[in-house]
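Dear colleague,

Please find the structure below. My notes on its ligand site and pockets follow.

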Amino acid sequence: MAVRINCSIQNTLCLLNPPLFSLRYRASRLKLKPQLHRRALFCTCATTDGPPQSTEPYVVTTPLYYVNAPPHMGSAYTTIAADAIARFQRLLGKKVIFITGTDEHGEKIATAAMALGSSPPDHCNLISQSYKTLWKDLDISYDKFIRTTDSKHEAIVKEFYSRVLANGDIYRADYDGLYCVNCEEYKDEKELIDDNCCPVHLKPCVSRKEDNYFFALSKYQKALEETLNKNPNFVQPSFRLNEVQSWIKSGLRDFSISRASVDWGIPVPDDKTQTIYVWFDALLGYISALSDSQEQADLQKTVSSGWPASLHLIGKDILRFHAVYWPAMLMSAGLSLPKMVFGHGFLTKDGMKMGKSLGNTLEPNDLVNKFGTDAVRYFFLREVEFGNDGDYSEERFINIVNAHLANTIGNLLNRTLGLLKKNCQSILVVDSTTAAEGNAFKDDVEKLVDKARIHYENLSLSSACEAVLEIGNVGNSYMDQRAPWSLFKQGGTAAEAAAKDLVIILETVRIIAIALFPVTPSLSWRIYAQLGYSRDQFDATTWSDTKWGGLKGGQVMAQPKPVFARIENQTEVEDKGVAIGKTVKSKGKKLKQAQEVAGA
Ligand code: MSP
């Protein structure tokens, strides 16, 4: 069992560092509310470090990914989800700051670099770049990419550390316990499985004894309990809140925030013999990412550029760090808490968490190369209920993507454009509003769009996709019921009605394109191009364009061309094989090695 021994009451450095009165002075200058008892600088209002609510940006973050190995589908999953949320919020007209990045310090990264015969900085540059490349291939529209080795980040971490120290929340003590290097975390013996193995990574924990600095987490037990009671939406989905509450209830123990044995990290201010613990360092990336200054980052100026975050999206394995440690750290530093932490489930392979350490990963590049970006994004967001675990199966992937994107949406557009070309020279005969006058079909579509919006707002991404697909289904049923191909044959008023029906269906597909844009941005653009819009027109669309009435009479459609190619030859796809825990030939040698080392 991990025990802390020889605990000195207060870090002696505190006496040498800025005394409390200087922090009090800063606090009054910053209009923080100092409460100089238990938590001296816990800011209780959210108004001090952000602009007024109406102009507040929507700040969404992904975790900062460890660069021990290149990204796999599990890491891509969080980022795709964050991207869909960011794109939806932008469609609503919000100013969005979408933050992602890489977590580059600590023992795990230094060991990975060494195993490859590389220096930590070179290794980090290589792997961090592989994340950026994948994000480009997956159409990830991030605004900020923070690397924890950026100098602005280091400045912010040091200033934050000094604030917490000045608040009396850091002290020195010895630690003796079992450490999981892959989690970068000391573990309780009762959490471990056979042979002291970590239950997540299935690797033995190592015994460590160190003289460290500690953060007084236990001081914040009551404040955390109160925060969660007052704001039960802070942790989502709601079933994860119970988990967090029970951790807190079972008693919070102070945790060590420095390492004497790790060189690859940010030095502890005024003690060069220790580096700051990787989590105490990385969490600050959510704030340092907001700084525009490379060299002269200043904590207070930075928080005024968008903090607090609206949403931290994370996997369930790092919930404790985000819902317990991080809020307490922020309280100690007198900063506002993020508004929400959403812990999603795992992508699993054969029931086991897909991960770099277990070596059972799915290669996102392979999937993108074979099936395309939209298919990958759509499948994982549609198939895995956001918050729960989801298993990948290639057969299911192909079936879903073919049925939904190629058939329900792509084929509906293609056959309608074919009929319009044949019978109306690809020109819309009337405005879509006129075409749908007195037609209840339009109301059905509007109801479904509204349903999709509510699901997006609640982060129910799979249900949002389902609602949009339902619009495609009603569109197909309408087409089949009306059978415009035979109405055209009848001529006269029947043919006029058929021409209107085509406008109605094309308007429906236009609405689908916008409503599905957060999930399938490229497909949505291809649909818009088929409907005769320019890229500028497409880029200017907002969620309000999901209202019926966008298509106007006289608009000329493009030559019909499939917007989503059906995955025809399943055997061929299987022959090529999606690499599970394998590497890709086209990858650089070093990246390939990095993957192998992490999986070893
Ligand atoms: N570096 C820390 C995060 C620091 S945030 C200030 C870290 N990095 S990680 O690379 O190991 O994991 C990043 C994220 O990827 C986590 O949210 C984790 O849950 C997620 N995933 C890793 N494997 C996953 C799956 N198989 N499925 C879904 N998400 C998973 O933790």
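A pocket here is an open set of points, on a 1 Å grid over the protein atoms alone, where a 1.4 Å probe fits, with protein on both sides within 12 Å along at least five of seven lines; its lining residues have an atom within 4 Å of a point. The model is predicted, so local features need pLDDT of at least 70 and side-chain atom pairs pLDDT 80 or more, whereas totals for chains, interfaces and linings use all residues. Residues are numbered from 1 along each chain as its sequence is written, and side-chain values use heavy atoms, without hydrogens and water.

The second largest pocket has 22 lining residues, with Asp188, Glu191, Arg253, Arg320 and Tyr325 nearest its centre. Its lining comprises 10 nonpolar, three polar and nine charged residues (nonpolar: Ala, Val, Leu, Ile, Met, Phe, Trp, Tyr, Cys and Pro; charged: Asp, Glu, Lys and Arg; polar: the others, Gly among them).

The ligand takes the space of the largest pocket (more than half of its atoms lie within 2 Å of the grid points). Around the ligand are 23 residues (each with a heavy atom within 4 Å), and Asp103, Gly315, Asp317, Leu347 and Met354 come nearest. By class, this shell holds 13 nonpolar, six polar and four charged residues.

With kind regards
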